[in-house]
Structures are given as structure tokens and as C-alpha cells.
Amino acid sequence: MTGQPRQAERASVFDVETVRRDFPILHQTVHGKPLIYLDNAATTQKPRAVIDAVANYYARDNSNVHRGLHELSARATEAYEDGRRTMQRFLNAASAREIVFVRGTTEAINLVAGTWGRRNVGPGDEILITAMEHHSNIVPWQLLCEEKEAHLRVAPIDDAGALRLDVLESMIGPRTRMISLVHQSNSLGTINPVAEVVAMAHARGVPVLLDGAQAAAHGPIDVQALGCDFYALSGHKMYGPTGIGVLYGKLAHLEAMPPYQGGGEMISSVTFEKTTYNKVPHKFEAGTPDIGGVVGLAAAVKYVDALGRDACSAHEDELLQHATERLSRIDGLTLVGTAVPKASVVSFVLEGIHPHDIGTILDQDGIAIRAGHHCTQPLMDRLGLPATARASFAVYNTHDEIDALAAGIERVAAVLS
Amino acid sequence: MLEDLYQQVILDHNRAPRNFRKMERAPHHAEGYNPLCGDRVTVYVRLADDTVTDITFEGSGCAISKASASLMTEVLKGKRRSEVDALFEGFHTLVTGREAAAAAEPDLGKLRVFAGVREFPMRVKCATLAWHTMRAALEDRAGVATTE
């Protein structure tokens with residue numbers, strides 16, 4: 001009874017200026033102008049709580065995990081496994097054993113393609129992805145298909161950047177072994193109807209991997225409600241450190257999969273004749289893991305939980321709406337990706353002006369955006385664009401920053417004329 | 001600072017690039033690609049008696065890369081191979097080297113409008129892509145030229 005009203009109260013008092021004080025990096029000037037950081041889909045900034053958690057871990061508790069008999073090793077192991085339980089709660093996984101720590105989304109997908117894929121995909125089989133995938137959800141499957149003489153098939157999108165769900169459904173066939181798709185597009189902001197995709201796939205006995213690199217920043221994620229078989233995320237895109245991420249996998253899959261890398265930690269006994277592997281999830285965590293990274297990631301999850309995830313999402317949705325309205329009024333500007341629903345990303349092009357020139361000119365105003373193909377070259381080809389400019393929002397961005405972005409974009413045309 | 005990068009001459013060549021066309025039956029040509037940003041350029045060269053008699057380009061890219069390709073074609077037309085090589089080195093020093101070294105480069109002429117690029121390290125490859133591609137064309141190098 002007491003938990004609910006307190007959270008609601010927090011949500012109602014969401015104050016962006018208070019949030020901004022938690023992020024030390026935001027308080028600086030770039031080229032003499034206050035930094036306006038709008039490259040959050042590439043990586044988010046880190047709150048003091050995360051920076052302190054990592055620093056305190058190294059200052060007080062640093063040790064190796066799982067093997068030591070001394071106090072520091074016990075503390076490090078507790079911190080690491082507590083991080084696993086935090087990520088279990090964040091994803092609503094049925095068991096903490098379903099949480100495998102990896103370097104990030106890229107490694108998570110490579111792990112699945114390299115172990116589950118190697119065991120379950122053969123000549124003539126098919127892996128189904130979509131036209132809006134990041135290179136990290138294309139190339140691992142291409143490598144697998146090349147090795148196994150399997151086929152990579154691509155479900156199309158419409159001109160607004162929405163997945164053609166009807167076509168995807170028609171592409172699921174008797175040879176489809178896996179559907180791997182992005183939960184939220186990093187280039188377009190499109191939120192895919194992933195629960196429907198999972199239902200379609202499972203009706204035909206096909207497992208589904210969701211690339212949650214973008215969606216995890218805007219959680220909460222409920223893997224049990226989604227029903228997905230695998231979920232991949234990166235800590236650094238959700239206010240945590242770089243170099244740490246999570247692969248969620250249903251226990252039955254993880255148990256059946258061969259190990260990923262060999263080494264310490266992933267074994268229970270080794271002789272030169274035979275090695276017995278450790279239990280899940282340790283079977284997939286060879287070598288000393290990024291303990292400090294896990295501590296920081298857990299701190300990031302707790303930080304956003306304390307702000308109130310609904311309040312954060314509401315704030316970001318409101319920023320997206322404001323940016324969409326304000327940028328739409330700029331002469332010669334075309335928004336790229338207008339699917340419904342979408343979140344926190346505004347991709348755009350300016351007539352006759354290359355996105356890189358936009359990026360350089362905005363940088364002189366202290367405004368950090370991204371210009372390029374956003375690691376989605378096949379998507380850019382589909383849209384007939386070499387690149388786009390992209391502004392992406394986080395919990396600490398403000399209305400005023402979006403107004404400054406719009407004014408900056410209007411100045412681009414003046415500078416280049 | 002921004003005005004140093006986007007000089008009027010550069011903006012003019014961006015708006016109206018010179019020698020911006022495919023050369024039919026070009027004796028020398030090469031394709032250049034910057035994987036970081038997706039800029040693409042193809043450079044076509046015709047030589048006679050070791051002298052550049054015609055040079056054209058096509059492709060897509062930012063203002064800096066387009067203007068650089070355009071100015072390069074203007075400057076190189078009529079130059080001997082040895083002069084082309086000297087200008088390649090000189091241009092490279094201009095956009096990447098120390099200011100003193102760049103100032104000491106002789107005969108860069110109107111290419112000096114790219115001196116401001118030095119202050120924008122992220123954009124150096126935009127300025128040099130066409131030059132690397134031109135060199136690959138002259139050397140009849142197969143494959144795709146890059147600035148790496």
C-alpha cells in the first residue's frame with residue numbers, strides 16, 4: 001500500500017532541472033556554448049550515482065569473483081550477483097540464472113548466433129530479420145548463414161518506417177529457425193509490435209530474439225509478458241557504463257546451448273581429456289567478468305527506478321512530440337521515420353544539405369547530434385538516403401534544448417548559402 | 001571558426017560543383033568511399049604526354065568533400081604527373097599538418113581555402129577522399145580507395 005502512492009508522488013514531481021544536477025557532464029561549455037547533448041541513442045550520459053558506484057567498488061570492494069575465500073572476494077561476488085538479480089527484476093525474468101553478462105548488445109547477439117545458431121541452423125534453413133536492423137543484428141546472422149549455407153531473409157518496412165507485420169508473418173516458413181528483430185529502431189525511433197511477432201513466431205514453433213539496445217533505456221521491459229526467447233541490451237545506452245550488457249535467455253535454451261568462449265569461470269572441472277562446464281549462466285561467462293561494469297549497470301537501473309520509469313517515459317514522449325512539431329515547421333526539413341508508435345528519436349534530412357555539414361555546424365553551437373548511417377546501411381539504402389541527421393532524447397533533455405536545436409538547424413541553411 | 005571551414009569559395013563549389021560529370025571511356029578512373037560517413041566519389045582522369053588533359057568526378061557527400069573534389073579537378077587540369085604528386089602531398093600537409101609546414105607549402109593557390117579543415121579533425125577525410133581516389137585512378141588501382 002505504501003509503495004504505490006510514493007511512486008505516484010515522485011512521478012508527479014518529476015523535475016528535469018533536478019535530474020540535470022545528477023549528471024555532472026552536462027554542466028560544461030562546448031565551443032563557448034552550453035553543451036546540449038542530443039546523441040543519446042548512441043550513448044547516454046551517466047548520473048553521479050553510477051559514477052560513484054563504480055568508483056566506490058574499485059575504492060573499497062575490488063576483488064575477483066566466485067573463487068576467493070577472503071572478505072573482499074565475498075563482497076565483489078555479492079555485488080556482482082546482486083547486479084544479476086537487479087537485471088532479473090529489470091527484465092522481469094523468471095530466474096536470475098537467465099541473465100548472462102556480456103559486453104553489450106553486439107556480443108549478446110553474437111553469442112546466440114555462435115552457440116544456439118551453430119547447433120540449430122543447417123543448410124537451407126532461414127533466419128528472418130527486418131529492414132531496420134542495426135549492423136549488430138545483421139552481420140552475426142550473415143556469418144552464421146555463410147558457415148551453414150543458410151539464408152538470411154529480410155522483412156520489409158513501409159515508407160513511414162513501420163514494420164510490414166503482414167509480410168513478416170507470410171515469410172515465416174517451415175525452414176525459419178529464428179526471428180531476430182529490433183525492439184526500438186535506433187535510426188527511426190519505430191517501436192516494433194514485438195509481442196505480436198513473438199505470438200506469430202511461437203505459433204509456428206520459431207524462437208525470437210529481441211535487440212533491446214534502444215528500448216531498454218525507456219523500459220520497463222517484461223520478457224515474460226513479451227514471451228521472447230532472447231533479449232539483448234547494452235548498459236551504456238541506459239545510463240550505465242560502457243562495456244557491459246545483458247543477454248537474457250529462457251533457461252531451457254541456455255541449458256541446451258554449447259558454451260560461447262572457453263576459459264576460467266565457465267568450467268566445473270578440467271582435465272586434459274575432458275572438461276565439464278559450469279552451470280548456466282556461468283557457462284557463458286568465461287574469464288574474469290566486468291564486475292565494476294555490473295555494479296555501475298545495477299546503479300543505473302536503480303537510479304531510473306527511483307526517478308520513476310513512467311515519469312521518465314512521459315517526459316521523453318513529451319520532448320519527442322515537441323521536437324516533431326517544432327522541426328516539422330523548418331523549411332526544407334523532412335522527418336525520416338514517422339511510424340506510430342515511436343520513441344525519443346528524430347531523424348531528419350535538409351534539402352540540398354548533407355547531414356555531416358548539419359552535424360559540424362550544430363557542434364559549433366554546442367549541440368551534439370549524430371549524422372551518418374547510424375550503423376543501419378541497408379535501412380539507408382531502403383530509404384534512398386546516404387545518411388540522416390539524428391537527435392535523440394534522454395531523461396535530462398529540456399524543451400529549451402529542442403528550441404535551441406531548431407534554431408541551430410535554421411542557421412545551417414544560412415551558413416551554407 | 002565555422003567561417004574558416006565553410007569559406008565562400010567552398011560554398012560556391014558545393015552549390016555548383018565544376019567538372020561534375022561522368023567521363024565516357026575514361027582511361028583512368030577509381031571509386032572512393034569513406035566507410036565512416038558513407039561519402040562516395042568516382043574520379044575520372046585522361047592523360048596525354050604525362051599531363052592531365054581532363055579530370056571529372058561524380059558522387060555524393062558533404063559540402064567539404066564535394067567542394068574539395070570540384071576544386072581538385074580545376075587545379076589539376078593541365079598539370080604534369082610530378083606536379084600532381086606534389087599537390088597531393090601539399091594538400092595533405094595543408095589539411096593535416098602543422099600550420100608552419102602548411103604555410104611553407106608552395107603553389108597551393110586556391111586550394112588554401114581548405115586550411116580551416118585542420119581545425120576540424122573529424123572532417124579531414126571529407127577533404128582528402130577525392131585526392132586519394134584521384135591517385136588510385138592514376139595508378140589504375142582496382143578496388144575502392146579510402147582515406148585510411
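## The sheet in chain B

Chain B holds an open sheet of four strands, ordered 3-2-1-4 and with mixed pairing (strands are DSSP runs of E with at least two residues, helices are runs of H or I with at least four, and both are numbered from the N terminus; two strands pair if DSSP finds at least two bridges between them). Strand 3 and strand 4 (144-145) sit at the edges with a single partner strand each, so one side of each has no neighbour in the sheet.

A quick word on the source: this is a predicted model, where local features need pLDDT of at least 70 and side-chain atom pairs count only at pLDDT 80 or more, while totals for chains, interfaces and linings use all residues. Residues are numbered from 1 along each chain as its sequence is written, and chains are lettered from A and ligands numbered from 1 in the order in which they are written.

Start with strand 1 (residues 28-34) of chain B, which pairs antiparallel with strand 2 (residues 39-48) of chain B over seven bridges. Along this pair, B:His28 faces B:Val45 and B:Tyr33 faces B:Arg40. Four residues lie between the strands of this hairpin, and B:Gly38 has a positive phi near 85°.

Strand 2 of chain B also runs antiparallel to strand 3 (residues 51-60) of chain B, with nine bridges joining the two. B:Val43 has B:Phe57 as its bridge partner in strand 3. Here the hairpin has two residues between the strands, and B:Asp49 in the turn shows a positive phi of about 50°.

## A helix pair in chain A

Over in chain A, helix 3 (residues 48-61) packs against helix 11 (residues 291-307) at an angle of about 150°, with the axes 8 Å apart (axes are lines fitted to C-alpha atoms, for helices over the stretch in contact, and angles run from 0 to 180 degrees between N-to-C directions). That makes the two helices of chain A roughly antiparallel, a label for angles over 145 degrees.

Helix 3 of chain A brings A:Ala49, A:Val50, A:Ala53, A:Val54, A:Tyr57 and A:Tyr58 to the contact, and helix 11 of chain A brings A:Gly292, A:Val295, A:Gly296, A:Ala299, A:Ala300 and A:Tyr303 (contact means C-beta atoms, placed from the backbone, within 7 Å).

## Where the chains meet

The contact between the chains takes 13 residues from chain B and 12 residues from chain A.

Key: Two residues are in contact if their C-beta atoms, placed from the backbone, lie within 7 Å. Angles under 35 degrees count as roughly parallel, over 145 as roughly antiparallel, 65 to 115 as roughly perpendicular and the rest as oblique.
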